[in-house]
Amino acid sequence: MLAFREHRHGFPVLSEAHHGPAAGRNSGGGSSHERVLSGGMVVAQPEDRDGRAMPEDRYALGLDTLFAASVRRHAGRQAIDGSDRSYRYEELGALAEQVGRGLRRLGLPAGALVGVAGRHGPDACVAMLGAIRAGLGYVPLDPALSLEQQATLIADSGARAVVRLPGVTTVGGGAVDFVDLPAAGEEAGDGCPAPSRPAGPASVMFTPGSDGRPKAVALPHRTLIQLSLGSGFLGNGFLDIRSTDRVLHAASLSSGTSVLEIWPALLSGACLVPVTSDVLCSGPALRAMLRWQRITVLFLPTRVFHELSTERPEMFAGLRYLLVGGEPLRADAVRRVLSRGRPQHLVNLYGSTEGGVVTAAHDVTEAPSGSGAVPIGRPLPDTVCVVRREDGSLAPAGEEGELWVAGGGGSPGYLNDPEESDRRFGVLTIGGKSRRFFRTGDIARRRADSVLELRGRGDGPTASRESHVDLGEIRAVLATHPAVDAVIVLGLESLVAYVVTGAEEAPAPEELLSFLRERLPGHLVPATVTVIPRLRTASWITYRPEPVTRPARQSAPLALPFPRSAGTASTRHPGDSPVSKYLEPVTVPDPAELAALQQLADLADPYRADEEADELFVLAMNESNTWHAARSPFFSQLWDRRRLASIADLAHQPLVHANFFKKHKVLSVTEEQIALHATSSGTTGQKSQMFFDEWTLRNGQRMVARIFQHYGWIDTEPVNYLLYSYQPRPGMNLGTSFTDDYLCDFAPARSVEYGLPNTGSGHEFDVFGCVRALLRFAEEGAPVRILGFPAFLSFTLDRMRDLGIGPVQLNERSLISFGGGWKGNADKQIGKEELYARIVEQLGIPDERIRDGYGAVEHSVLYMECPRHHLHVPTWSRVLIRSVRNLEPLPLGEVGYLQFVSPYITSAPAQSVLMGDLASLHAPQECGCGLPTPWFVVHGRAGTTRNRSCAIAAAELLEGRS
């Protein structure tokens with residue numbers, strides 16, 4: 001428990017006497033007294049240790065006072081542990097003092113506001129603490145916003161100056177003073193005055209408005225203090241941070257979640273651990289971060305929690321607190337986490353910026369029966385929750401009504417917007433006392449035990465993503481586009497918008513998304529915008545956030561087309577097939593020096609097996625060795641100048657382990673001749689790389705085209721593509737993304753969807769987007785091609801089952817071509833036979849149209865499964881199996897290291913590569929498909945050290961075995 005003692009300088013210091021979790025009424029303690037007044041009014045009133053009501057002036061202590069106490073109490077403890085720098089509390093306090101001194105030199109009055117422009121992290125914390133130390137408040141300015149949006153936030157908040165964090169060069173708003181963070185800390189002069197009672201708000205946050213303009217909400221010091229102190233009569237009742245805790249900080253400064261991450265940690269002597277926000281988008285990355293950084297307190301948007309509860313529920317077992325909020329919390333997700341990864345406290349948070357960030361909380365100890373939402377709990381101390389009927393009367397227990405909230409840290413209204421304040425706030429007199437309430441727009445009911453349950457949404461704002469989202473604001477902004485006649489916005493698993501246009505040239509979805517990005521904060525921009533010719537039904541939608549049990553298309557009251565992910569629409573036109581360019585002749589770099597290689601590459605049959613093919617291969621290998629020895633000092637020293645006389649001599653060919661290319665750049669061409677630098681999608685930092693010249697690149701594509709041609713997969717009928725690979729972006733060079741993108745040329749594209757779309761800060765698996773795509777494909781009836789990582793298709797099929805979506809029937813001419821392996825999801829890998837059977841059952845694609853391919857960036861020859869699912873060796877390559885004990889060649893059927901030999905690559909001496917895979921080679925007749933070349937089976941990975949390829953290395957690293 002936190003108690004106060006007088007410090008010799010005249011202001012209080014926090015002392016710790018922990019007695020378990022937060023002692024609030026949400027955790028089973030008794031630091032507040034709860035009363036249910038007439039009807040649906042629930043009041044939580046804080047008490048002191050003698051049971052007396054807490055005096056109002058207890059909240060008057062400023063953040064500066066409490067942070068100064070934390071600095072003295074925990075001077076030598078680590079306050080911030082960032083990836084680029086760390087601060088102890090005494091260092092952080094000194095930096096805040098310096099910045100505060102610099103800001104005071106600006107001559108701003110006490111209580112004025114300053115903007116903090118930049119991303120979350122150590123610098124942002126220093127700037128915010130410096131503003132508080134100077135007696136000012138701060139306004140977060142997200143660098144992702146346009147200059148126009150930043151100028152609007154500065155004007156509406158009344159900020160008088162802006163602190164630019166390192167890396168920020170321009171900020172909107174020309175009528176204010178700008179100061180860079182280092183400069184703010186270098187000002188000389190007297191120190192800041194001793195802490196005193198705050199003269200203004202601690203911060204101003206912005207929340208969506210129905211007129212398309214964000215609304216400024218002032219957060220007083222009282223709000224942040226109540227959220228930060230977990231026990232005692234100042235406590236919040238749901239979170240008790242200790243000085244030994246490590247709190248993950250992933251939220252942007254403009255998010256209310258950042259308040260919950262930063263201030264409770266720094267006022268309690270805990271360690272704040274800033275990380276980039278995209279860590280939350282990857283289950284493996286977040287799991288590793290939690291373990292490596294010893295995180296004990298984690299805040300997650302509900303939508304992310306739902307995803308991770310399916311993928312990796314066990315990752316939460318080591319946490320003291322896991323707090324989730326932003327959407328209704330599903331019982332099935334809670335059930336999985338409590339059974340497989342139960343933290344000490346799983347807390348469901350409910351609130352809004354207007355209501356003081358958090359209004360109610362529920363410490364979840366068990367999941368409710370059925371598939372309903374988890375309760376939102378009871379109100380925080382000194383907070384009032386009212387459930388109102390439509391006629392304005394208070395609803396009794398068990399009856400639904402709109403939830404109104406007041407008191408605690410709530411806001412009296414929006415800054416400088418009395419009209420919107422009057423619309424969203426109202427005064428109620430209950431029990432003889434008048435209070436100003438915020439209308440949440442949520443439909444709730446109070447149980448007999450005073451616990452609140454969220455039942456749905458009314459016509460007002462909807463909670464979506466990590467903050468309060470007003471669908472009306474999005475509709476209002478979209479409606480201002482000159483080509484838009486009508487708008488519908490749905491808050492499904494993500495925000496999706498539909499627009500109706502009467503313009504002769506309909507605007508493209510990307511044009512409308514760009515239009516929105518220029519006018520709305522990032523969290524308000526829909527994931528998709530779909531343009532439709534006309535509406536055929538009602539013009540309004542009420543969204544009630546119950547768990548999805550049917551595909552969104554079936555549950556929505558409008559028959560709307562499926563949305564398409566932003567940026568994934570193909571630029572190819574129906575009927576257009578550029579595949580012919582991949583089959584055109586390609587000339588070797590030196591026709592005289594590489595004549596046999598040219599003849600070998602020109603063989604049209606990818607599985608030709610006869611004496612002539614063997615002779616050409618041996619000659620081409622001799623040419624390749626001579627070529628690389630003359631151009632690569634590395635290979636010149638490696639090669640003993642022995643010439644090969646037959647295929648059997650390949651056993652004497654010098655080999656290079658694939659791991660060599662992870663750390664070494666070896667070339668046989670000049671830098672200017674490099675056409676592509678490709679990497680593997682490694683997950684452990686051990687990425688492989690390879691450099692391709694024009695010949696190697698184009699010939700490799702031609703080899704793939706010939707294999708697709710052999711199997712009859714080059715078609716002129718347009719198909720829908722679903723790519724389970726990383727959506728390409730400028731500067732991206734992952735081999736899997738490059739390959740999957742050009743494979744779309746083998747049949748014209750009707751549409752292209754990415755399972756791992758580019759979010760701007762990384763890539764995120766969009767499982768619901770994949771489900772929607774498959775349902776749309778089934779409805780349209782055109783052939784479908786699914787390419788990429790098998791793990792993500794497996795996860796999509798899992799989610800379809802979870803949602804109760806029965807089997808769909810894709811066109812029987814559809815094709816699945818896997819590649820890339822299971823990567824960081826190797827611990828969830830299921831057998832190939834099981835996966836293929838599920839695909840046949842759930843998608844209706846015939847087994848012979850499901851193929852896996854094997855390849856490596858170090859040896860980019862495609863090994864494609866035959867109809868019997870065996871990996872046959874194409875005529876441009878040969879395969880050997882080496883003993884794991886002495887690297888001697890092994891006979892057919894025995895398991896050893898996999899070695900690839902091919903003369904086709906001219907850019908680097910990778911003509912003979914030893915892989916980390918364990919495999920066995922088999923005679924052609926053992927397959928029965930009719931192909932005349934041998935085939936191999938990959939049995940797994942060798943070794944447990946870090947120098948392995950992606951799949952097993954990532955899994956073992958996350959399991960702590962590396």
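The secondary structure of the protein comprises 25 helices and 43 strands, where helices (H or I, at least four residues) and strands (E, at least two) are DSSP runs numbered from the N terminus. This is a predicted model, in which local features need pLDDT of at least 70, side-chain atom pairs count only at pLDDT 80 or more, and totals for chains, interfaces and linings use all residues. Residues are numbered from 1 along each chain as its sequence is written, and side-chain values use heavy atoms, with hydrogens and water left out.

**Confidence**
- The average pLDDT (the predictor's confidence in each residue, from 0 to 100) is 77 for the protein, and 75% of the residues score at least 70.
- Over residues 1-40 pLDDT stays under 50, and the model has 127 contacts beyond four places in sequence for this stretch; contact means heavy atoms within 4.5 Å.
- Residues 730-740 also stay under 50 in pLDDT, with 28 contacts beyond four places in sequence.

**Burial, surface and contacts**
- The protein has 962 residues, of which 59% count as buried (under 20% relative accessible area, with exposed over 50% and partly exposed in between; 1.4 Å probe, protein chains only).
- Among contacts in the protein with a separation of 6 or more, 68% join residues 24 or more positions apart.

**Helices H2 and H3**
- Helix H2 (residues 89-104) and helix H3 (residues 122-133) have axes that come within 7 Å and cross at roughly 60°; the axes are lines fitted to C-alpha atoms, for helices over the stretch in contact, and angles run from 0 to 180 degrees between N-to-C directions.
- H2 and H3 are therefore oblique to each other (angles under 35 degrees count as roughly parallel, over 145 as roughly antiparallel, 65 to 115 as roughly perpendicular and the rest as oblique).
- On the H2 side the contact residues include Leu92, Leu95, Val99 and Leu103, and on the H3 side they include Val126, Leu129, Gly130 and Arg133.

**Helices H6 and H7**
- Helix H6 (residues 221-228) packs against helix H7 (residues 256-266) at about 75°, with the axes 8 Å apart.
- The two helices, H6 and H7, are therefore roughly perpendicular to each other.
- From H6, Leu224, Leu227 and Ser228 meet Val259, Leu260, Trp263 and Pro264 of H7.

**Helix H8**
- Helix H8 (residues 283-292) is largely enclosed by the rest of the structure, because seven of its 10 residues are buried.
- Those buried residues of H8 are Gly283, Pro284, Leu286, Arg287, Ala288, Met289 and Leu290.
- Arg294, which follows H8, has a positive phi, near 55°.
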